[in-house]
Amino acid sequence: MEKQLHLNLLASRPPVPGGLQSGSKMRMGPGRKRDFSPLSWSQYFETMEDVEVENDNGKDTFRIYSSGQHGPVLLLLHGGGHSALSWAVFTEVIYNRINCRVVAMDLRAHGDTKVKNSDDLSAETMAKDIGKVVEALYGENPPPIMMIGHSMGGAIAVHTAAANHVPSLLGLCVIDVVEGTAMDALNSMQNFLRSRPKTFKSVENAIEWSVKSGQIRNVESARVSMGGQVKKCEEPLNSPGVSKSIGEVIIEEEEEEEEEGESNHKRKKEDDQEVKKESLYTWQIDLSKTEKYWEGWFSGLSALFLSCPVPKLLLLAGVDRLDKDLTIGQMQGKFQMQVLPQCGHAVHEDAPEKVADALASFMVRHKFTELKEGFLC
């Protein structure tokens, strides 16, 4: 139960049966190797741009990925440690479902966004960021905007809506973040973060880990998303403070379990030499250092969500996530809820079609947009 709670905050729910727990060894059986090579953002979004906004300390630059020119804007906010690329596969699906524009942004200290004060991840600052980016993109007359946030991004979406930083807000969709379970998770979150690999030998290796550990259950989404979660290490492989990479763990596991004599030994030596030539990759953001902001993201979130005066949709990976305030609010019809079972915490990555269907139905029902020809809710 504790594992379920702390995985809910920023990472995934526990992996599917037969998957690997964080920090465990991984092995690929002979003849079962899947393609874990990275996929480009350009296969899912039409454009990528950096948007400058003015702040007290100077100019900040936010990385934006977008598709479409007409219809309401779907403004997508990712979870902690992720990036805008976590929305890539979902974007392709929803853009083909309904008339819309899609804008996915890297939040501060995440992805390729560059800000002067990357240590300030308070809900207030991040909510203001959203408003400034919307203003930079659209000026004083922004188009109708449907704000959609996952996990931390869902919390920031609620804070943004409650502070009226997006005056043209049509509706709000929050994905798998609930105050009760998030607050319960805070005490065990650091243990979860410590259980993750510190480094990877390559982006491919990070993708492989994300799938096999259950963090992202959709291989295609992992292949485009993980590139936004990791970066090259500055330190060489054998420097103090750099732990054994997950790539070496895989190699060692193969060596231990596959007894095929000299051919395996030779392969391992070649792989070891190759690893040493490569740069290691580590996490783009050290989430453990954001702990002082966690309570501010989630405390009072249910009441804040219920107070937002726009139509609201809550998508959950499990009904066990619903807390008391939201249960009462849902019974009173204050928001629409849908549970998408058999998904991890990264619901929009694991099941982009289901999330797109739920969002399309919600937006069409409220007459925010229309379905594209050939699709039925």
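1. The second largest pocket is lined by 17 residues. Ala-109, Ser-118, Asp-119, Gln-284 and Ile-285 lie nearest its centre. A pocket here is an open set of points on a 1 Å grid over the protein atoms alone, with protein on both sides within 12 Å along at least five of seven lines; lining residues have an atom within 4 Å of a point.

2. This is a predicted model, where local features need pLDDT of at least 70, side-chain atom pairs count only at pLDDT 80 or more, and totals for chains, interfaces and linings use all residues. Residues are numbered from 1 along each chain as its sequence is written, and side-chain values use heavy atoms, without hydrogens and water.

3. The lining of the second largest pocket has 5 nonpolar, 6 polar and 6 charged residues. Ala, Val, Leu, Ile, Met, Phe, Trp, Tyr, Cys and Pro count as nonpolar, Asp, Glu, Lys and Arg as charged, and the others, Gly among them, as polar.

4. Now the cavities. A cavity is a set of grid points where a 1.4 Å probe fits but cannot get out. Which residues line the second largest cavity? They are Val-158, Val-174, Val-177, Val-178, Glu-179, Leu-301, Ser-302, Phe-305, Leu-314 and Leu-326. By class, that lining has 8 nonpolar, 1 polar and 1 charged residues.

5. The second largest cavity holds about 50 Å³ of space, and about 330 Å³ lies in the second largest pocket. A volume is the space filled by probe spheres set on the points, with grid points joined across faces, edges and corners. The count comes to 3 cavities of 30 Å³ or more.
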